[in-house]
Amino acid sequence: MKNKIKMTLLLAITPIMLLFVTSCNRDQVTQPDENKGVLQDYLTVSDFDYWGELHNGAMDNVEDNFVVDTTIVVLEELVDTVRNFNCDYLSDAMSDSALQFEITGMCHKNKWYVVGDSLGQEFDAFAAGDILEYLFNNGVIDGVEHDLLERLVNLAQSGLDSSITMVQMEDSLRLYELIWNNQQYTEWGDGYVSGVVLNIALHSVDFWTMYPPPIGKSNSICLPVLGVIAAKDLAGAILSAVSTAAIQYAAFGKVNVKVVAMATAVGAVSASTGCLQILYTAIVRVLGNMYP
């Protein structure tokens, strides 16, 4: 199952996504209540820690609490079970009722990410680049953020191609974090897309370093030594972040910071939970029954 993300497709599904996005103007958005601490004079990537911690909390929740129903033999039923499990956790973790409503649509939109590699789904760096151009040309992101996101797209592609290690991925993310911090962003909203993506990607590296995925010939796509697993989180985060921002801008001419941040976390969680031992085993079992 190949699911190429194209700009035309994203804009075509705008009527559906209108149910899941709000019309808050990015120039009117203040710091989300969920972000911890008091803002410094200049923002840093760590000011988005709430979202990275939310991502890792959702991953921990699957690792610790998900119970596989061994009677499930249809792949979509398993996917829907995982979606609902993650969606419930993320919704319960949010104090913002408006975001709780948004989460349902986001979880549904990204639900197939969980079995993306099992079905041969590809991350389309070129399509992601088209969306970045759209956001930049319409003033949603500035030139620095455009370049950083482009680098992150390339980094994700390198990881998915197994051409870099986890250490190399983390080193690149730390470099991009330094570049972001040096921009001296002062308004909540400026640099938010790349800031949230970076924060979640760094938290993902921490998570997978602590909880490496199962290793085996049938699961080479999840080998942590190749950096692939963290690249899945990064790819899911990027696609969800930029597509949500583009859909919101196309529909309303403005973007909600918190909705984009939430979508980024949901996309990353959806993209890599399939590599957790408990879910990967269940996916392989169901696929084995479907394609013996």
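What separates glutamate 170 and arginine 174 in helix α8 (residues 166-181)? The two are 4 residues apart in that helix, so about one helical turn lies between them. Welcome to this predicted model, in which local features need pLDDT of at least 70, side-chain atom pairs count only at pLDDT 80 or more, and totals for chains, interfaces and linings use all residues. Residues are numbered from 1 along each chain as its sequence is written, and side-chain values use heavy atoms, with hydrogens and water left out.

**Salt bridges**

- A search of the whole structure turns up 3 salt bridges, each defined as a side-chain nitrogen of Lys or Arg within 4 Å of a carboxyl oxygen of Asp or Glu.
- Glutamate 170 pairs with arginine 174 in one of them, with the closest N and O atoms 3.8 Å apart.
- Arginine 174 also meets glutamate 177 in a salt bridge of 3.1 Å, N to O, and these two residues of helix α8 are 3 residues apart, about one turn of the helix.
- Through shared partners, Glu170, Arg174 and Glu177 are joined into one network.
- Burial in this model follows relative accessible area: under 20% is buried, over 50% is exposed, and partly exposed is in between (1.4 Å probe, protein chains only).
- Glutamate 170 is partly exposed at 25% relative accessibility, arginine 174 is partly exposed at 38%, and glutamate 177 counts as buried at 17%.
- Aspartate 80 and arginine 83 form a salt bridge too, their closest N and O atoms being 3.4 Å apart.
- Both of these residues lie in helix α4 (residues 75-93), 3 residues apart, about one turn of the helix.
- Aspartate 80 is partly exposed, with a relative accessible area of 21%, whereas arginine 83 counts as buried at 18%.

**Helix α6**

- Helices here are DSSP runs (H or I, at least four residues), as strands are (E, at least two), numbered from the N terminus.
- The expected span of a helix is 1.5 Å times one less than its number of residues.
- For the 13 residues of α6 (residues 125-137) this gives 18 Å, which agrees with the 18 Å between its end C-alpha atoms.
- Buried residues in α6 include Ala125, Gly129, Ile131 and Leu135.
- After α6 comes glycine 139, which has a positive phi, near 75°.

**Aromatic pairs**

- Rings of Phe, Tyr and Trp (its six-membered ring) pair if their centres lie within 6.5 Å; planes under 30 degrees apart are stacked, over 60 edge-to-face, and the rest tilted.
- Tryptophan 180 and tyrosine 185 make a tilted pair, because their ring centres are 4.9 Å apart and their planes stand at 55°.
- Phenylalanine 207 and tryptophan 208 form an edge-to-face pair, 5.1 Å centre to centre with 90° between the planes.
- Tryptophan 180 and tyrosine 185 are buried, and so are phenylalanine 207 and tryptophan 208.
- Ring pairs also link Phe48, Trp180 and Tyr185 into a cluster.

**Around serine 194**

- Serine 194 sits in helix α9 (residues 192-210) and counts as buried, at 0% relative accessibility.
- A polar atom of the serine 194 side chain lies 3.3 Å from the backbone oxygen of glycine 191.
- Beyond its neighbours within four places in sequence, serine 194 is in contact with Glu145, Leu149 and Trp180, where contact means heavy atoms within 4.5 Å.

Conventions
A polar contact is a pair of N or O atoms within 3.5 Å; within protein, one must be able to donate a hydrogen and the other to accept it, and residues adjacent in sequence count only if both atoms are side-chain atoms.
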